[in-house]
Amino acid sequence: IYLNDGRLISGSDDNSIIIYNKTTYKPDLRINEHEGPVICIIQLSSGILATCSNDKTIKLFNIKGNNYKIIQTLNDHTNWINKIIEMKNKYLVSCSRDKSIIFYLKDNNKYKKDYQITTNGPCFCVSQIKENEIFYSEINKNELNNNKICFYDINERKIKSSISNISKSGLSPIIKIQKDLLFISGKNKILIININYYELIREIEIS
């Protein structure tokens, strides 16, 4: 991803985070604070950098030029964390292989766990699709073609709808939302879902 200042940032299986100079593309800053591969990096609306890893933690960094400071470490998950997002209502949301999704709220410049939902299987992707609604995936380890996508209402704190019998190869953290359509790009499939009717309208095989 690119930071607000235009610099490229990457996370790696070597546990590191690197911020690259936007002119030379040589490393400006290397961060080695995680104890496992860095899986997801986002920059929050406040400018704070949020990262997650299979070391079961979320770390928040204040980046200033070529220096950084750890602001907070969140360690509520018990297995590696696959995705973190910032919702427009200021929730910080994480999903994990520990079959949970955790919602954090900011209080006095620190994030605190507000509540948690339990999924039926490891959760690999989560994203905001409407103002108060997210979608997430549940993986069935024993049945490759019996996975599920759920649509969860944050206000009511319940699942509004779900789509079952999804192939694992069609689920990935790589998603895009365009108007009423949700696109999920998997290993060899693209799923197109109408988020108003919660229907899988097309499944495209990629050779």
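Biologist: What makes you say that β12 and strand β13 (residues 133–138) pair, and in which sense do they do so?

Modeller: β12 and β13 are joined by four bridges in the antiparallel sense, and since two strands pair if DSSP finds at least two bridges between them, they count as paired. Ser-127, for instance, has Phe-135 in β13 as its bridge partner. This is a predicted model, in which local features need pLDDT of at least 70, side-chain atom pairs count only at pLDDT 80 or more, and totals for chains, interfaces and linings use all residues. Residues are numbered from 1 along each chain as its sequence is written, and side-chain values use heavy atoms, with hydrogens and water left out.

Biologist: In what order do the four strands of the open sheet with β12 stand?

Modeller: The order is β12-β13-β14-β15, with antiparallel pairing, where strands are DSSP runs (E, at least two residues) numbered from the N terminus. Neighbouring strands here are turned by 25° against each other on average, direction ignored, the axes being lines fitted to C-alpha atoms and angles running from 0 to 180 degrees between N-to-C directions.

Biologist: How many bridges link strand β6 (residues 58–64) and β7?

Modeller: Seven bridges link β6 and β7 in the antiparallel sense, and Ile-63 has Tyr-68 in β7 as its bridge partner.
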